[in-house]
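Morning, everyone. Please have a look at this one with me, and then I'll walk you through it.

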Amino acid sequence: MDFVTGGTGIVGRELLAQLLSKGGSVKALRREGSDVESVERFIRTQGISTDKLEWVYGDTSDYDEMELALTGCDRVFHLAALVSFHPSDEPNLMGINQGGTENVVNVMLIAGIRKLVYLSSVAALGHSTKSSITEETPFEEGPFDNEYARSKYASELEVWRGQEEGLDVLIVNPTIIIGEGDFSRSSGELFSQTAKGLPVHSAGSNGFVSARDVASACLALAERGAWGQRFLLNGANLSYKDVMTKIAKSVNAAPPTKVVKGWMINLVVFIFKFLEIVTGRKSLANKTSMLMAQLDTKYDGSKILNTIDNWSYEDIDTAIKRTGKAYLDSLQ
């Protein structure tokens, strides 16, 4: 039986659907208040039965809960994480991400569960604007690093420790993930905020990949037995202007027309903070993330293409259109 943490996330629901489509039994971790109904509805709309999906209550931060939840499983996909760049979340990031991964690894070692696939992030890799970032670009402390990146890097160290102590592990590092799910957080906000009207876009570029591809890669690499390796996943390198224009079109909104230049960053951050105070919702960006979005960052996601036969990335336009439609449908 497979075990999945983060099953209600944008990658998790895709992975659950793909695992169930193969006829396997899956146990998925949920917390109080998790929207499992929308996940099961998502799975069933693809013509896939949820009869072999079992939800179990628990939190990766609680060792005893994880020990009980993992009973009877023989492979783990650890996707759960707190994804945030907001200062108010910084005190919790290391405990949730690194601490939760430590618990997963330790329970697996004691229970004799050997196979672990860990969903990390390109944030755990290094930065470069001179050449494309690859799996070999080392993490280094720098002006653009943040607590989220540190927490994901520390989580990877726990995974590699697990390998040294006997686990079969592999790590995937996706770029910005495009997929449906909770449109009030993480990359889902790109759609909800754009739909409400975002007149500006950042000057730089970044990598983007569909949630469906990330899930497919996790499963394909595990079945291939690509243990002891990491894989950077990137479907396309695109400018923020192009991506935000595509997203705007997908949600029937006006595309952003003004570029945020360097001298404007402090003003934009101030506006975001003001809106946060007025609306009570966390700001979509801060100064560090705005500065990073000014950079032309490119990623090389070709390693998986040379590892898995007949595997290919989904066109990012297709992923954006599907996600935009899902956002509009969620409003009905």
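This is a predicted model: local features need pLDDT of at least 70, side-chain atom pairs count only at pLDDT 80 or more; totals for chains, interfaces and linings use all residues.

The C-alpha trace spans about 55 × 45 × 40 Å along its principal axes.

Now the make-up. The chain holds 11 helices and 12 strands. Take the contacts with a sequence separation of 6 or more: 82% of them join residues 24 or more positions apart.

Next, burial and surface. 52% of the 332 residues count as buried.

On to the inside. In soluble globular proteins, nonpolar side chains tend to be buried together. Here, the largest nonpolar core has 41 residues. Which residues have the most contacts inside it? They are Val11, Leu16, Ile43, Phe77, Leu221 and Ile304. Several elements supply at least two core residues each, including helix 1 (12-21), helix 2 (36-44), strand 5 (115-119) and strand 10 (229-233). Helix 7 gives the most, with nine residues.

Let me zoom in on isoleucine 43, one of those core residues. Leaving out residues up to four places away in sequence, Ile43 touches Arg13, Leu16, Ala17, Leu20, Ile48, Thr50 and Leu53. Leu16 is another residue on that most-contacts list.

Now helix 6, residues 189-196. Which of its residues are buried? Glu189, Phe191, Ser192, Gln193 and Thr194. What do they pack against? Strand 7 (176-178), helix 8 (240-250) and helix 11 (316-330). After helix 6 comes glycine 197, with a positive phi near 110°.

Last stop, histidine 201. This residue is found in strand 8, residues 200-202. Buried or exposed? Its relative accessible area is 9%, under the 20% cut-off, so histidine 201 is buried. Its contacts, again leaving out residues up to four places away, are Tyr240, Lys241, Met244, Pro256, Lys258, Val259 and Val260. Tyr240, Lys241 and Met244 fall within helix 8 (240-250). The buried residues of helix 6 pack against that helix as well.

That's the tour. Over to you.

Definitions and conventions
Residues are numbered from 1 along each chain as its sequence is written. Side-chain values use heavy atoms; hydrogens and water are left out. Helices (H or I, at least four residues) and strands (E, at least two) are DSSP runs, numbered from the N terminus. Buried means under 20% relative accessible area, exposed over 50%, partly exposed in between (1.4 Å probe, protein chains only). Contact means heavy atoms within 4.5 Å. A nonpolar core is a set of buried Ala, Val, Leu, Ile, Met, Phe, Trp, Tyr and Cys residues joined through side-chain atoms within 4.5 Å.
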